[in-house]
Structure formats: C-alpha cells, structure tokens
Amino acid sequence: MSTDIQTTQNLLSLLAPFVPVEPDMPALQKQDPFVTQQSLLQKTVKPAPYPESDYRWLAGVLELLIDIGNRDEAFSFNIISRSDYRQLSPLFEELVDTVGENVHHPATSLMMLVDFLVERYEKENVPKLSDLPTEPMEEAERTEEASVEWNDEWEILEITELTPEEMQELEKEHPPAAILEWSETEVAIHAFFSMGNILSEGGWIGEAISAYDMTLRLKPNYAEAYYNRGTAKTLIGEYETAIADFDEAIRLNPEFVEAHYNRSQTKVSLSQIEGARYDLEIALKLAEKRECDHIKSNIQRCLQELVNMD
C-alpha cells in the first residue's frame, strides 16, 4: 500500500446526511458518525469530490483490513503478520496527521482501528521497555520526561452500541474536543461503514459494497448499512439484490422512509410499478409523520409520475 499520497489529508467529511438534502455543516464540520448515504431522491450525479488517488489509497487500506479481518471466523482481527505491521505502522502515523484531534472526522474510527492493530502486534511481538537493559538517564532526559503532563481538558467517554439518536444526544452534551472511545468491535463497525460511504461517494462502488459487507458481518442488525449497500448496488444495476437489502433495512426499521423510497425507485427500474406505488405511499405517510416537507414533495411528484405511466 502506498503511503506517499499527498492528498490523503483532504478526505474530509464526505458522509451524506440522513435525509436527502444538502448537509447543514456547522463551523466545526460536526458530523453524526452514524449516517446514511444520499437517497435516490437526489438524482443529480455529482463528480467525485477528491482526486482518484485518494480513493485508490483508501481502497488499498480497505483491502488490507478485510484481509486481516477474514483470517478467523470471529472477525476478531487477532492474526496480524509482520508484513501487516510494516504497512499498518506508517498508515497509523499518516492517519494521525490527517485526523488530528478532530473526533468528527470520518476517518477517526479508521485511525482508532489501525491503532488497535498496531498495539496488538507490538504487545505480542515487541519487547517491553522494562525487559530491555537500562541505561543511566541523562539529566536533560529526566527534565523532559517530568514536563509531560496530562491535559485535563480532554474527556474520555466509553461508547458502546449507540443508536444514531443516542449518539446525537451524546454530542449535544459534550464538546467536539471530547475523545470518543468506542469498544474495539464498535470501532471496526464504524470504520468499515465510513469507508463504504467515502468510497461510494467517490464512485468506487464495488469497494464500497465490500466495506458494507464487512460492516454487516460485524453487526448483522445494522439497518443503515443494509440501506447504504442497497443504494450502492442500484448504482451498478444490481436491482434485485438491492431490493433484498432495502427489505432487510425496513424489517429492522419499519419507519425508514429513505429505504421505502429507494426500494420504490429500484422497483420502477424492474418495472414493478404496483410495488413501487405501494412503497411510495408508505414513504409519504412516514414523511408526513416526520414533517419532512422536502421529502414529501419529492414523493408526491414520483407518485404522480407513476400515475402518468398507467
């Protein structure tokens, strides 16, 4: 995997908002970590926001992590080779430079996952400092060591299995500077989900689907991941399997209005007009319940188009 990409730091918050409108980004570019990609309500095709090299770099990272994750049935990421470590160590440094202390950066969880893997390898294979021969410490070194202090402004939060709504409530109560410390499994789930969203936005659909596949292997009941994978599949014409993903997203979250809408549009592509009309009617009721006027007007327009097709 190449580590000489100069534009990696430009991978900012590419994740689309939960509802199909332009994202309302505050000054700090705060972003809900658990979001879905755009609904098919937005039919305008936008060019990839970043250079192709950025997505190629991320696809390489994804391939490496999938390979590590697939080495045991539990997807525990426990089997890390020396070759992996030689790639992961500089990758972690690169991600630290990219993400910094911005916990809302979409690559934050990726950085944390790589950190877990590097630490795991070093714990198992690198001798501890206490096991190495000691040498007298110079006075300058002792002074430098004593000057290192813990920054009390940082707050460590233990985050496990939060719903999108719970995450939003949490972020209201804590400043953006807080460090969000997920469980290792939650970090992996979010890392693959975020990579899927970024790659999908850049047009790397096959790689995005692979990222969502890993997300769902780690968290089989993740409605948003089914929705995102289904949406990605529609972009490459895999309509029948896309509908299966929308079916599962709706089973897990019956009020998932975007999934109802995207399933309707996918059914139109398969000439399943009655099924599409049924999904649109449900989506319209849900949009009215959520008081989403923009979504409502788009659904009404699509319903009228179906009437005109009769």
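Predicted model: local features only at pLDDT ≥ 70, side-chain atom pairs only at ≥ 80, totals over all residues.
Residues are numbered from 1 along each chain as its sequence is written, and side-chain values use heavy atoms, without hydrogens and water. Local features need pLDDT of at least 70 and side-chain atom pairs pLDDT 80 or more, while totals for chains, interfaces and linings use all residues.

pLDDT is the predictor's confidence in each residue, from 0 to 100. Its mean over the protein is 76, and 67% of the residues reach 70 or more. Over residues 140-159 the pLDDT is below 50. Helices here are DSSP runs of H or I with at least four residues, numbered from the N terminus.

Helix 1 covers residues 52-69 and has 18 residues. From first C-alpha to last it reaches 26 Å, close to the 26 Å expected at 1.5 Å a residue; the expected span is 1.5 Å times one less than the number of residues. Its buried residues include Trp-57, Leu-58, Leu-62 and Leu-65. Buried means under 20% relative accessible area, exposed over 50%, and partly exposed in between (1.4 Å probe, protein chains only). Among the elements covering these buried residues are helix 2 (82-99) and helix 6 (184-201).

Glu-248 lies in helix 9 (residues 239-252). Its relative accessibility is 21%, so Glu-248 counts as partly exposed. Glu-224 is 24 residues away from Glu-248 in sequence and 9.9 Å away in space, C-alpha to C-alpha.

Cys-292 counts as buried because its relative accessibility is 16%. Cys-302 is also buried, at 2%. The whole structure has zero disulfides, a disulfide being a pair of cysteine sulfur atoms within 2.5 Å.

Note on methods
Helix = DSSP H or I, 4+ residues; strand = E, 2+ residues; numbered from the N terminus. Contact = heavy atoms within 4.5 Å.
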